[in-house]
Amino acid sequence: MKVKMILPALTEAKSPYWRPIKYSLFPPLGLATLAGYLNDDDDVRLQDEHVETLDLDDEPDLVVIQVYITSAKRSYEIADHYRRRGAHVCLGGLHVTSLPEEAAGHADTVFIGPGEDTWPAFLQDFRAGRPGKLYRSAIRTLDGLPSIRRDLIKRHLYLVPNSIVVSRGCPHTCDFCYKEAFFEGGRSFYTQTVDDALREIERLPGRHLYFLDDHLFGNPRFAAALFDGMKGMGRLWQAAGTVKSVLAPDLLEKAVECGLRSLFVGFETLNPANLREQHKYQNLNRDYTVAVKRLHSLGVMINGSFVFGLDDDDDSVFDRTVEWAIEQGIETATFHILTPYPGTALYQRMAAQGRMTSDEWDLFDTRHVVFRPARMSAESLEAGYWRAYRDFYRWGSIFRGAWTKDHLLGRLRHIGYAGGWKKFEPLWDWVIRAKRAGSMLPALETILSGFGKHSARREPVSTIQLSRSFQSEA
Ligand code: B12
Ligand code: SF4
């Protein structure tokens with residue numbers, strides 16, 4: 001059987017003028033996971049439109065497309081094209097789960113939720129000549145997964161070819177997050193066994209890893225055992241975690257011991273009223289400053305994530321947030337405009353209040369305003385968002401942030417990392433066009449390793465400070 005798997009890109013990722021590095025970071029892990037269920041004699045081809053031009057002249061029997069909200073329009077175009085050519089087209093992923101009826105207009109089969117149970121069931125039906133129209137995931141486990149088909153990934157096209165996920169979902173339920181909708185009808189947070197996770201890590205060549213788990217620290221027992229198992233492997237790794245998990249005693253130290261060097265932290269907002277509004281209770285009453293100090297004292301760089309446009313935000317939110325992030329010495333920041341994804345509690349609330357202003361899915365990219373903000377105009381929100389990026393990544397701000405570190409290597413590392421992402425964009429553009437993103441990995445590893453030596457000051461934040469800020473509510 002000839003199988004074609006496609007990750008379609010949003011327009012910006014294919015721009016002839018400018019290619020941001022973020023679209024050449026990670027390979028399509030979801031599709032490579034699904035490819036593991038195919039037979040050895042199936043002829044499978046995996047294409048990622050973010051990094052290569054799609055070959056649409058082929059004639060596969062089965063086409064599998066992963067649909068994100070921002071690439072939905074493009075996904076449907078490709079799906080229609082292959083259906084006209086007589087292929088059986090399967091659509092799945094986050095956006096299909098949010099709006100299965102919309103997707104069904106462009107597919108022979110649609111899939112709701114994660115694919116580890118539905119995809120093998122479909123394959124069996126398809127081979128037997130009786131494929132269903134809709135498959136809904138109900139069994140949530142990562143036990144006994146077939147090997148991810150990493151051989152299908154064109155590693156040299158990605159800066160971070162070693163991306164990995166060892167869990168699915170997250171234990172929390174923030175209103176703006178896609179995760180409750182995606183995992184509806186079953187468990188919404190589960191992990192691999194520690195042994196399976198370690199085996200997958202061992203398959204990955206080189207030193208660098210990026211855990212794409214929503215919340216790698218979400219199950220502390222699993223995380224602790226994983227970090228113990230990774231000790232001595234000589235890895236350098238990055239991941240995402242919550243403020244709460246950073247403040248929890250011991251786990252972070254274990255993570256650092258086995259190679260954690262940079263963490264994506266969902267601060268989201270500095271305003272407790274906004275946190276309550278979004279049911280992001282795990283961030284409430286946490287001292288963000290202590291969390292930042294704790295990470296920095298252990299030599300972990302921070303990518304802080306912030307959302308603008310929450311109901312308590314007014315025009316002052318941009319400058320206040322950027323200034324705070326610079327003063328804290330946060331190395332990189334990711335800003336988002338609040339985006340209500342269909343299927344989320346936030347979307348339902350906004351729709352009920354008549355505040356949704358767009359259903360152009362291409363615009364749901366966290367850079368456009370698609371709802372009516374409560375305390376500022378849509379124009380101010382969009383302008384403030386872009387200003388925040390400009391202000392945070394000015395050389396003056398980068399140097400100011402770097403100078404919060406009290407040793408030279410820490411400062412250089414800060415400048416190298418922050419500058420590397422945003423100040424050398426023409427270089428990234430060139431590297432991507434030359435199809436050499438993978439060749440920049442050694443530079444990333446050097447910066448993460450603190451220029452070859454562990455850059456942590458090893459000055460733990462005092463235990464009293466920590467236990468005050470880590471109040472053990474759920
Ligand atoms: C890595 C990542 C990226 C990478 C690359 C994506 C890639 N190569 O796959 C980059 C940096 C490019 C990226 C960019 C963006 N991203 Co992003 N990203 C992620 C992240 C962190 C991990 C994705 C991943 O690998 N998951 C692990 C794999 C195993 O799971 P999976 O891909 O979901 O696949 C499983 C299922 O979905 C299902 N499945 C998927 N497809 C199909 C198809 C069939 C037929 C079947 C049966 C099953 C199936 O089965 C798979 C196995 O279970 C997710 C968060 C998350 N946890 O998913 C956000 C996430 C996907 N991103 C998101 C967003 C909003 C964006 C951006 C718009 C952000 C921005 N402002 O630029 C852009 C645009 C993306 C685009 N191209 O349209 C949202 C998507 C929301 C939505 N409703 O679509 C997410 C969920 C983050 C969030 N919490 O909001 N992203
Ligand atoms: S903590 Fe992050 S991943 Fe978990 S529900 Fe909230 S936003 Fe989503």
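Biologist: Which atom of ligand 1 does the side chain of His-50 lie 2.7 Å from?
Modeller: A polar side-chain atom of His-50 lies 2.7 Å from a nitrogen atom of ligand 1, and a polar contact here is a pair of N or O atoms within 3.5 Å; within protein, one must be able to donate a hydrogen and the other to accept it, and residues adjacent in sequence count only if both atoms are side-chain atoms. This is a predicted model, where local features need pLDDT of at least 70 and side-chain atom pairs count only at pLDDT 80 or more, while totals for chains, interfaces and linings use all residues. Side-chain values use heavy atoms, without hydrogens and water, residues are numbered from 1 along each chain as its sequence is written, and chains are lettered from A and ligands numbered from 1 in the order in which they are written.

Biologist: And which backbone atoms come in?
Modeller: A polar backbone atom of Pro-27 is 3.4 Å from a nitrogen atom of ligand 1, and one of Gly-115 is 3.3 Å from an oxygen atom of the ligand.

Biologist: What is the shell around ligand 1 made of?
Modeller: Its residues divide into 21 nonpolar, nine polar and six charged, where Ala, Val, Leu, Ile, Met, Phe, Trp, Tyr, Cys and Pro count as nonpolar, Asp, Glu, Lys and Arg as charged, and the others, Gly among them, as polar. Strand E3 gives the largest share, three residues.

Biologist: Switching topic, which residues of helix H19 are buried?
Modeller: In H19 (residues 441–448), they are Leu-441, Leu-444, Glu-445, Ile-447 and Leu-448, with buried meaning under 20% relative accessible area, exposed over 50% and partly exposed in between, for a 1.4 Å probe and protein chains only. Seen down the axis of H19, these buried residues fall within an arc of 165°, so they line one face of the helix; the arc is that of the directions from the helix axis to the C-beta atoms. Helices (H or I, at least four residues) and strands (E, at least two) are DSSP runs, numbered from the N terminus.

Biologist: What covers that face?
Modeller: The cover over the buried residues of H19 includes strands E10, E11, E12 and E13 and helix H17, contact meaning heavy atoms within 4.5 Å.
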